[in-house]
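Please read this note with the sequence and the model open beside you.

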Amino acid sequence: MVDREEKGKTITIKINGKNHTFLETARKENERLKMENKSERLEEETVQTNKYDYSSEIEAAASKEAADEENFDWILPDESSDFDMDVQEYKIAKQPKKQSQKGIGAISKNFKKNNRNGMLSSVFLTVFFAILLGTSFGLLLLKLVITENETPVDQPVIAEPAPEKTEDTPAGAGETESVALDPLSTFIVQGGVFSNNGAAEQMKDGAIQLGAPAQVVEMNGQAFLYVSVADSIEHAKEIGAKLKSKGIEVFAKPITFEGKTLKDLQGEERKVMEAAGAIYQSLAAGASEAAAGQTISASTLEEAEKQGSILKNISEDKLKHEGVIAIKTELDQAIEQLKAYKQTPELSIQTKLQQHLLGFLAVYQTL
């Protein structure tokens with residue numbers, strides 16, 4: 001039987017003949033749950049006491065007592081009642097799960113557990129990483145060395161057969177060399193300078209008809225007429241004075257032919273060009289003595305022959321360069337004329353000696 005009192009506005013439940021208020025039952029149940037929460041803190045669910053559902057319990061109790069008492073009084077609580085049940089919320093703290101550690105961190109942790117000072121783990125890790133790093137670098141270097149030593153398998157290289165040497169093949173043939181020639185300085189008796197080669201050639205022919213040596217040398221776009229060589233400016237002036245007596249206008253001057261480099265020379269050709277400058281200087285000294293004093297000293301002749309001995313063992317058949325061949329020819333002829341003048345001091349031989357020396361300078365300039 002349920003009685004409703006409007007003033008008190010409380011609910012009274014009669015169970016087994018005893019009256020129980022809802023507030024009293026709720027408080028007892030709340031205290032019971034608090035005691036259970038203290039013993040069950042390891043559970044993972046959150047218990048909220050303000051959400052207890054008592055409807056099922058009340059229905060079970062009401063259905064049990066329905067057979068004995070058909071009527072019970074309901075007393076509803078007043079809306080103005082100060083009843084305010086504060087329900088506190090409790091959360092069961094979860095115990096953190098132990099995560100399994102793997103790898104080097106786990107090994108380090110296990111070593112730290114067994115070694116309080118941590119010295120063993122530190123030494124082990126240092127040695128381990130040193131071995132790992134050294135092994136890695138060693139494998140890398142080994143791979144690089146193997147790669148560098150690998151030789152690609154290509155087709156075999158077939159060497160071309162060397163050309164067979166015959167008796168006609170000059171020594172050192174096939175091997176070319178370069179020769180750097182130093183500047184050549186000398187003294188000249190000059191008959192004139194012309195803007196074109198034709199005028200210079202006409203003056204050359206006139207000088208030869210008068211019995212003088214003559215040679216046209218082209219340099220810097222001009223044609224120079226040379227009529228004699230000398231080893232000094234004094235000898236050049238003496239020779240010039242004699243030529244003037246024949247009606248040839250001349251003057252003496254020093255001159256230097258610039259140095260040059262000859263490429264692709266054979267071994268014998270190189271020998272000729274390396275000795276050419278010294279041979280010319282010794283022959284110019286003999287020609288100057290012959291023009292000035294009508295005689296050649298024994299020392300001058302000996303020096304000329306000594307310098308020219310290099311050319312004795314080199315035949316023109318071993319030479320291929322046209323300029324080198326012309327150089328050797330002019331020097332050989334000059335040496336022969338110097339020897340002949342020593343034995344027979346004639347003016348014609350002296351003129352031929354000068355002509356070959358002028359020819360040498362003309363060829364040297366064109367190299």
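In which helix do Arg-270 and Glu-274 both lie, and how many residues apart are they? Both lie in helix H7, 4 residues apart, which is about one turn of the helix.

1. Basis of the note. This is a predicted model, in which local features need pLDDT of at least 70, side-chain atom pairs count only at pLDDT 80 or more, and totals for chains, interfaces and linings use all residues. Residues are numbered from 1 along each chain as its sequence is written, and side-chain values use heavy atoms, with hydrogens and water left out. Helices are DSSP runs (H or I, at least four residues), numbered from the N terminus.

2. Side chains of opposite charge can pair when their charged atoms come close. A salt bridge is counted when a side-chain nitrogen of Lys or Arg is within 4 Å of a carboxyl oxygen of Asp or Glu. The structure holds 4 of these. One of them joins Arg-270 to Glu-274, with the closest N and O atoms 3.2 Å apart. Arg-270 is partly exposed at 23% relative accessibility, and Glu-274 is also partly exposed, at 49%. (Buried means under 20% relative accessible area, exposed over 50%, and partly exposed in between, with a 1.4 Å probe and protein chains only.) Salt bridges link Glu-177, Arg-270 and Glu-274 in a network.

3. A second pair in H7. Glu-268 and Lys-271 form a salt bridge with an N to O distance of 3.6 Å. These two residues are 3 apart in helix H7 (residues 267–293), so about one helical turn separates them. Glu-268 is buried, with a relative accessible area of 12%, while Lys-271 is partly exposed at 38%.

4. A pair in H9. Asp-332 and Lys-328 make a salt bridge, their closest N and O atoms being 2.7 Å apart. They are 4 residues apart in helix H9, so about one helical turn lies between them. Asp-332 counts as partly exposed at 22% relative accessibility, and Lys-328 counts as buried at 5%.

5. A lysine without a partner. Lys-204 is found in helix H5 (residues 197–209). Lys-204 is buried yet has no salt bridge, and the nearest side chain of opposite charge, Glu-201, is 4.2 Å away. For charge, Lys and Arg count as positive and Asp and Glu as negative, while His and the chain ends are not counted. Leaving aside neighbours within four places in sequence, Lys-204 is in contact (heavy atoms within 4.5 Å) with Ala-214, Gln-215, Val-216 and Leu-225.

6. An exposed lysine. Lys-306 belongs to helix H8 (residues 298–308). Lys-306 counts as exposed because its relative accessibility is 58%. From C-alpha to C-alpha, Lys-306 and Ile-279 are 8.6 Å apart in space, and in sequence they are 27 residues apart.

7. Packing of H9 and H10. Helix H9 (residues 322–343) packs against helix H10 (residues 347–366) at an angle of about 160 degrees, with the axes 9 Å apart. H9 is therefore roughly antiparallel to H10. (Axes are lines fitted to C-alpha atoms, for helices over the stretch in contact, and angles run from 0 to 180 degrees between N-to-C directions; over 145 counts as roughly antiparallel.) Residues making the contact include Leu-331 and Leu-338 of H9 and Leu-353 and Phe-360 of H10.

Conventions
Parallel < 35°, antiparallel > 145°, perpendicular 65-115°, else oblique.
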